[in-house]
Amino acid sequence: MKKMIPLAILIVLAATGTLLYYFYPSSPEEFYTTDEAKELINEVYPEAKVDVVQEIIKVTESHAFVPFISEDNYMGASFWGWKNHKWKLTIVENSLLPKIWRIDKEDPEEAYIVWNIHPAMETDKLGIYMHRPRHYYEMNEVEHYEPQFQFEEIYSLKEHTYGAKQIPEDWTITLKNYYRLEEVDYLQEFITGNALMRIGWYPLNEAEEETLPEGGYYQKNGVYDHDEKYQALQYLPMLSEQELERDLGEKE
């Protein structure tokens, strides 16, 4: 029995060491090459039919956005996270209209606007808009008025069809002030259908005039989602200038 005790201790120590190694956070290793990423995406999710990986974009030290072109000429993207000492493929979109990628539910500022717009849509620029209209309401026989606010970011598609941009800081500050209560997940509440506030996108030509997307390349369905940690892609509606109150006359 006495001889068995050291052996049992060794087994426990070895198991503990293995668990610590597996779950203890580590600095991410160098990401895959474009060819390696292509092979892994097609292995994990053959429906993607990746033909060309366009670029590896590290949005944080431990998260990567990897846009691609498929064999059937769709523009998709894959999403990766560093977990348990390896790069893990978490989400694949066969075609990617603008969405918001949230990578940490405990930190809603860690959110990125992501897209991969097909050239057949004949869109030169991508507008992202955050808007709350004027709002009147009555409470306890007192009339209240909330003024509108709106923010706009415009991204060129001239050099790249794809992109990943962090939600602007002034947007998140505004949202935090609007929702005030810390326990409210303001970004989740905001994106999923608050009638008074929303983020959306709209396609523009080179003169920053609204244009309608051409072709059906953005209608490709299909998504792979194997997210063991918190990550999520959230839908953004396509808006029109009639909804936005954009004043093109004030543009430089």
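These legends describe close-up views of a predicted model.

**View 1. The largest nonpolar core.** This core has 19 residues, and Ile100, Trp115, Ile128, Ile167 and Ile199 touch the most other members. At least two residues of the core come from each of strand S7 (111-116), strand S8 (125-132), strand S11 (149-156), helix H3 (169-179) and strand S13 (198-204). In soluble globular proteins, nonpolar side chains tend to be buried together.

**View 2. A patch of negative charge on the surface.** The patch brings together Glu30, Asp35, Glu36, Glu39 and Glu43. One of these residues, Glu30, lies in the loop between helix H1 (4-23) and helix H2 (34-44). Glu30 has a relative accessible area of 75%, which is over the 50% cut-off, so Glu30 counts as exposed.

**View 3. The salt bridge of Glu93 and Lys99.** The whole structure holds two salt bridges. In the one shown here, the closest N and O atoms of Glu93 and Lys99 are 3.1 Å apart. Glu93 is buried, with a relative accessible area of 9%. Lys99 has a value of 19%; buried means under 20%, so Lys99 is buried too.

**View 4. The salt bridge of Lys125 and Glu208.** Here the closest N and O atoms are 3.2 Å apart.

Terms used:
Residues numbered from 1 in each chain as written. Predicted model: local features only at pLDDT ≥ 70, side-chain atom pairs only at ≥ 80, totals over all residues. Heavy atoms only, no water. Core = buried A, V, L, I, M, F, W, Y, C linked by side-chain atoms within 4.5 Å. Buried < 20%, exposed > 50% of the residue type's maximum accessible area, 1.4 Å probe, protein only. Helix = DSSP H or I, 4+ residues; strand = E, 2+ residues; numbered from the N terminus. Patch = residues over 30% accessible without salt bridge, like charges linked within 9 Å, V, L, I, M, F, W, Y side chains within 5 Å. Areas by Shrake-Rupley, 256 points an atom, 1.4 Å probe, with all protein chains shown as cover. Salt bridge = Lys/Arg side-chain N within 4 Å of Asp/Glu carboxyl O. Lys, Arg positive; Asp, Glu negative; His and termini not counted. Charge placed at Lys NZ, Arg CZ, Asp CG, Glu CD.
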